[in-house]
Amino acid sequence: MKRILYFLITISILVFWSSCRKDFDFSPSNGDLSFSKDTIYLDTVFADIGSSTYNLKVYNRSDDDISIPSLRLSQGENSNYRLNVDGMAGKVFENIELLAKDSLFIFIETTYNTNGSPLSELQFLDTDAIEFDSGNNLQKVELVTLIKDAIFIFPDRDNTTNVIETLTFDVDGDGMPDETTLQGRFLEDDELTFTNEKPYVIYGFAAVDEGDVLTIEAGARVHFHANSGLLVTNNASLKVNGALSDDQELLENEVIFEGDRLEPLYENIPGQWSTIYLFDGSVNNEINYATIKNSTIGVLCELDQDAPNNKLTITNSQIYNSSNFGILARASSVRGENLVINNSGQSSFAGTIGGKYNFTHCTFANYWNTSFRQFPSVLLNNFVINADNSVTTNNLEEANFNNCIIYGNDNAEIDISGESSSDLVFKFTDCLIRFEVSQNPFNFNDGINFERITLNQNPGFKSPFENDLRLDESSQARGIGNSIFTNQVLFDILGVQRPITPEFASDLGAYQFVPSED
């Protein structure tokens, strides 16, 4: 009996609501739509690379249910833009219904396809519009994108199997080529100089073959697609010849390495591309006035610690937003001056499995706040734990840090550990270091590994979470530099001369303090 009663009540409710419901009667729109924006700027993209997705909200603020007779791109099917209207993809739509006091989303993307033809301009605006209705009721929302021309470097793809070309080179040092799974190709002879005429966009790894030298000229811009990078192989070299820029916003003379997404959303996102890989056997690599940003590992420097010259010399350069390491050196040799590294998911500099490392007037900071960080700003050791839990050791022959700042948002920003079976030689001289732990394993006054250390004092970075590591007026790193090291690096990363008179000492780190002009 109760079941019949509940059934009758339910039917009555349904009949009641049906009798009260107003039938949806859609009338044609009359040109009174409202929009969240009157122009959609899709920022800047490279030709042949798709943009991010942008959205437009369309409002029906009237009391009537309406139907939009036509919604289309002005250039129709020939447009470089793509729309998605309430889940429907296309470029031309008809009879789009919109309830009273309701709204709908339109999602917009673009790709400027060159179809292999060269562009007549280095950059230009690609415009279109979304048209709502027609005639007297026509309303438009403009679409604007800046298209940039570029030189694309990418591996071949087999048209039959769709397999992408992979690199073959001597991986194990036996003199014989080895097949790898690393997608990419070796640069041709006419590709071994990157100029500043057009940006370069690299898919996969652009590799420098044995005996070749890749030269990158001042002002060049090198962009990498996801999981892409540079690889410098046996007896090959990388020469990055940037120069000091007059405009520190434009950095017109620096060489910049970053991802291939140009939209502001991607400006500081870590891990967008892989690394600059200085492989075993590469020689005399030099990086001067470069910015390396948003990679997985800024520079991966592997082996060759006993080579006659440093495997990597890096000067006047900045490495930011690396999802793992700024520089990861393994049993290698690196010399750095006026080097700034910040915002690394693990360490800003890691000298592992021994090696030789010398840094003067460098700033190693780490204000990573995207996730948990396991390691400090500077990590040194002389061993590696293998997959089978065995340990391989190698001498850390030297690790010298002079007139440097080592700081960050963790309590301990250095970590030095070693196995007694190999040497562990290091020294920090005239450095500002953060190491605030209750059980301190280091004697910062021993005069052997540490000499004249300024401990746990505020370096006074201007805006470290935004990668601005210039010193402010309150910095405790000011005026305490050792003139012996200052004479080795007389100008800071911005070209400011460091004082060397007895009355005035230089500042620690890569930046000499400059009073504000305000």
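Visitor: Which residue in β7 is the bridge partner of Asn 84?

Guide: First, a bit of background: this is a predicted model, where local features need pLDDT of at least 70, side-chain atom pairs count only at pLDDT 80 or more, and totals for chains, interfaces and linings use all residues. Residues are numbered from 1 along each chain as its sequence is written, and side-chain values use heavy atoms, with hydrogens and water left out. Strands are DSSP runs of E with at least two residues, numbered from the N terminus, and two of them pair if DSSP finds at least two bridges between them. β6 and β7 (residues 88-90) run antiparallel with three bridges, and in β7 the partner of Asn 84 is Ala 89.

Visitor: And which residue in the turn of that β6 and β7 hairpin has a positive phi?

Guide: Two residues sit between β6 and β7 in the hairpin. The one with a positive phi, about 50°, is Asp 86.

Visitor: Which residues make up the covered face of β6?

Guide: β6 spans residues 81-85, and Arg 82 and Asn 84 are on its uncovered face. The covered face has Tyr 81, Leu 83 and Val 85.

Visitor: Which side chain makes a polar contact with the side chain of Thr 145?

Guide: Thr 145 lies in strand β11 (residues 139-148). Thr 145 is buried (under 20% relative accessible area, with exposed over 50% and partly exposed in between, using a 1.4 Å probe and protein chains only), because its relative accessibility is 0%. A polar contact is a pair of N or O atoms within 3.5 Å; within protein, one must be able to donate a hydrogen and the other to accept it, and residues adjacent in sequence count only if both atoms are side-chain atoms. At 2.9 Å, the partner of Thr 145 is Tyr 81.

How values were computed. Helices (H or I, at least four residues) and strands (E, at least two) are DSSP runs, numbered from the N terminus.
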